[in-house]
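I open these notes with a plan to look up the surface, the helices, the rings and the charged pairs in turn. The sequence and structure come before the entries.

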Amino acid sequence: VIDQVGMGSWATMYVLSMKALMEGDGIQGAKINVRQNFWDVYLRACCIFPPGQFINYLLIPPQYRVFWLNGIGFCWRIILSYLVYGRQQQDNVNDT
């Protein structure tokens with residue numbers, strides 16, 4: 001839980017702001033993107049990583065823990081891509 005509060009919030013802000021900056025939206029675009037998407041992304045991360053870590057330390061044998069965490073991370077990146085880019089495409093379709 002401490003990791004999610006400390007690192008999770010920072011990582012969420014980083015991903016959301018860098019997405020806007022790399023798309024050329026500038027600092028204002030990054031601020032808007034973080035304001036619009038932060039809580040949605042962060043709360044979903046809180047639903048995935050703490051239970052994943054709990055299962056990891058409780059049930060997964062030590063030799064398979066890296067594979068488990070890589071699987072959790074892979075699934076999270078798919079969800080994150082949908083949250084960040086999928087909604088953007090849905091909004092573009094709804095605007096036309």
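For the surface I took patches to be made of residues with over 30% relative accessible area and no salt bridge, with like charges joined within 9 Å and nonpolar side chains (Val, Leu, Ile, Met, Phe, Trp, Tyr) joined within 5 Å. I note that this is a predicted model, in which local features need pLDDT of at least 70 and side-chain atom pairs count only at pLDDT 80 or more, while totals for chains, interfaces and linings use all residues. Residues are numbered from 1 along each chain as its sequence is written, and side-chain values use heavy atoms, with hydrogens and water left out.

Entry on the surface. I found a nonpolar surface patch formed by Met7, Trp10, Tyr14 and Val15, which together have about 410 Å² of accessible area (Shrake-Rupley method, 1.4 Å probe, with only the protein chains shown counting as cover for residues). Tyr14 belongs to helix H1, residues 2-22, helices being DSSP runs of H or I with at least four residues, numbered from the N terminus. I recorded Tyr14 as partly exposed at a relative accessible area of 44%, where buried means under 20%, exposed over 50% and partly exposed in between (1.4 Å probe, protein chains only).

Entry on helix H2. I looked up where this helix, residues 26-59, bends, and found about 50 degrees at Asn37; the bend is the angle between axes fitted to the seven residues ending there and the seven starting there. Asn37 is also among the buried residues of H2, which include Gly29, Ala30, Val41 and Ala45.

Entry on the rings. My search of the whole structure gave 5 aromatic pairs, counted when ring centres of Phe, Tyr and Trp (its six-membered ring) lie within 6.5 Å, with planes under 30 degrees apart called stacked, over 60 edge-to-face and the rest tilted. The rings of Phe38 and Tyr42 are stacked, because their centres are 5.4 Å apart and their planes are at 10 degrees. Both residues lie in helix H2, 4 residues apart, or about one turn of the helix, and both are buried, Phe38 at 12% relative accessibility and Tyr42 at 9%. A further pair, Phe49 with Trp76, is edge-to-face, at 5.7 Å centre to centre and 70 degrees between the planes. This pair links distant parts of the chain, since Phe49 is in helix H2 and Trp76 is in helix H3 (residues 65-95), 27 residues apart. Phe49 is partly exposed at 26%, whereas Trp76 is buried at 10%. I also noted one aromatic cluster formed by Phe38, Trp39 and Tyr42.

Entry on Thr12. What does Thr12 touch, leaving out residues up to four places away in sequence? I found Phe38, Val41 and Tyr42, taking contact to mean heavy atoms within 4.5 Å. Thr12 sits in helix H1 and is buried, at 6% relative accessible area.

Entry on charged pairs. Side chains of opposite charge can pair when their charged atoms come close. How many salt bridges does a search of the whole structure find? I counted 2, each being a side-chain nitrogen of Lys or Arg within 4 Å of a carboxyl oxygen of Asp or Glu. Lys19 meets Glu23 at 3.2 Å, N to O; Lys19 is buried at 11%, while Glu23 is partly exposed at 36%. Asp40 bridges to Arg44, with the closest N and O atoms 2.2 Å apart. These two are separated by about one helical turn, because they are 4 residues apart in helix H2. Asp40 is partly exposed at 24%, and Arg44 is partly exposed at 34%.
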